[in-house]
Amino acid sequence: MFKRSFHSKDRAGKSVKPSKRSFTDRQKLKLQQKLDSPPVGSTLTSPIITLVVGREPRIFAAHEDVLSLSPFFTAALKGQFYESSAKRVALPDEDPQIFSCILEYLYKGDYYPRLLFNKRHASFELEDAQDLQNLGGRGSVESTVDIPGAGGALLRDTVVYCAAERYGLDELKRLALRKQGLQSGISVDVILRSARFAYENTPDSDSKLRAHYLALIIRSRKTFKRSGTMQMEMEIGGS
């Protein structure tokens, strides 16, 4: 039986300190300008598209104009994955939890936890990073996800990055990399597994992603030296 899901709603009760602003304000403005002047009608009146996501399907719903901000969906709504009579798109190979991030970004220009700029410290941080009730600066969202067939946990922002590559969302790719750059204390096996996943799901020409992982490995070199994971990965061809 299908599970019913909707795009993320504003979280009532969460306050943002005046000293912080969202990193993607400019991108949000661009998105809003597109939404305010769609080819026909508006996002509030454009058709609702049903999206069937995952091997154990979950149902999402989104406005056609919002989905069309992605070149992938612009083509998909005219292609073989689209059931025009039911206004339905099937995405059997997509992970629902990652697709939820994609949909939230298309509507809001970011995905939880948002990237904020702290003027007091002149640095970027993740929403709820100072919330002592939560761990890792990720609020209630874990920094890793389990994707079927990946062999273990992957960095969530890496998987979002790879999805953004598929959907033609370059700004989301940059956002995901910046968020991942704020991570610390990542275990060696997660770094290597995520790097392998990223390399397999992005073109060889993606130098920014590869440079990001090279820098991450260099920063974590002491952890690598203390771990036997690197040698094991190299022996099985995982490096």
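Colleague: Where does Gln 180 lie, and what makes it count as buried or exposed?

Modeller: Gln 180 lies in helix α6, residues 170–180. This is a predicted model, and in it Gln 180 has a relative accessible area of 3%. Buried means under 20%, so Gln 180 is buried.

Colleague: Which residues does Gln 180 touch, not counting those up to four places away in sequence?

Modeller: Leu 155, Asp 157, Thr 158, His 212 and Tyr 213. Asp 157 and Thr 158 are in α5, and they are part of the contact of α5 with α6.

Colleague: OK, and how do you know whether α5 and α6 are roughly parallel or antiparallel?

Modeller: Their axes cross at roughly 170° and come within 8 Å. Angles over 145 degrees count as roughly antiparallel, so that is what α5 and α6 are to each other.

Colleague: Which residues meet there, between α5 and α6?

Modeller: From α5 you have Asp 157, Thr 158, Val 160, Tyr 161, Ala 164 and Glu 165. On the α6 side they meet Leu 172, Lys 173, Ala 176, Leu 177, Lys 179 and Gln 180. By class, that contact has 6 nonpolar, 2 polar and 4 charged residues.

Colleague: Now α7 and α8: why call them roughly parallel or antiparallel?

Modeller: Helix α7 (residues 188–200) and helix α8 (residues 207–219) pack at about 170°, with axes 11 Å apart. The cut-off is over 145 degrees, so α7 is roughly antiparallel to α8. The α7 residues Ile 191, Ser 194, Ala 195, Ala 198 and Tyr 199 meet Leu 209, Arg 210, Tyr 213, Leu 216 and Ile 217 in α8. That contact divides into 8 nonpolar, 1 polar and 1 charged.

Colleague: What makes Ser 100 buried or exposed?

Modeller: Ser 100 sits in helix α4, and its relative accessible area is 19%. With the cut-off for buried at under 20%, Ser 100 is buried. Its C-alpha atom is separated by 9.9 Å from that of Tyr 112, 12 residues apart along the chain.

Colleague: What about the peptide bond from Tyr 112 to Pro 113?

Modeller: That one is cis, with omega near -5°. Pro 113 lies in the loop between α4 and β7 (115–118). As background, most peptide bonds are trans.

Colleague: And Ala 122, what is its phi, and why is it called buried or exposed?

Modeller: Phi of Ala 122 is near 55°, a positive value in a residue other than glycine. Ala 122 is found in the loop between β7 and β8 (123–126). Exposed means over 50%, and Ala 122 has 56% relative accessibility, so it counts as exposed.

Colleague: Last one, for the chain: how many helices and strands, and what share of residues is buried?

Modeller: The chain has 10 helices and 10 strands. Buried residues make up 45% of its 239 residues. Of the contacts with a separation of 6 or more, 66% are between residues 24 or more positions apart.

Technical notes
Residues numbered from 1 in each chain as written. Predicted model: local features only at pLDDT ≥ 70, side-chain atom pairs only at ≥ 80, totals over all residues. Heavy atoms only, no water. Axes fitted to C-alpha atoms, helices over the stretch in contact; angles between N-to-C directions. Helix = DSSP H or I, 4+ residues; strand = E, 2+ residues; numbered from the N terminus. Parallel < 35°, antiparallel > 145°, perpendicular 65-115°, else oblique. Contact = heavy atoms within 4.5 Å. Nonpolar A, V, L, I, M, F, W, Y, C, P; charged D, E, K, R; others polar. Buried < 20%, exposed > 50% of the residue type's maximum accessible area, 1.4 Å probe, protein only.
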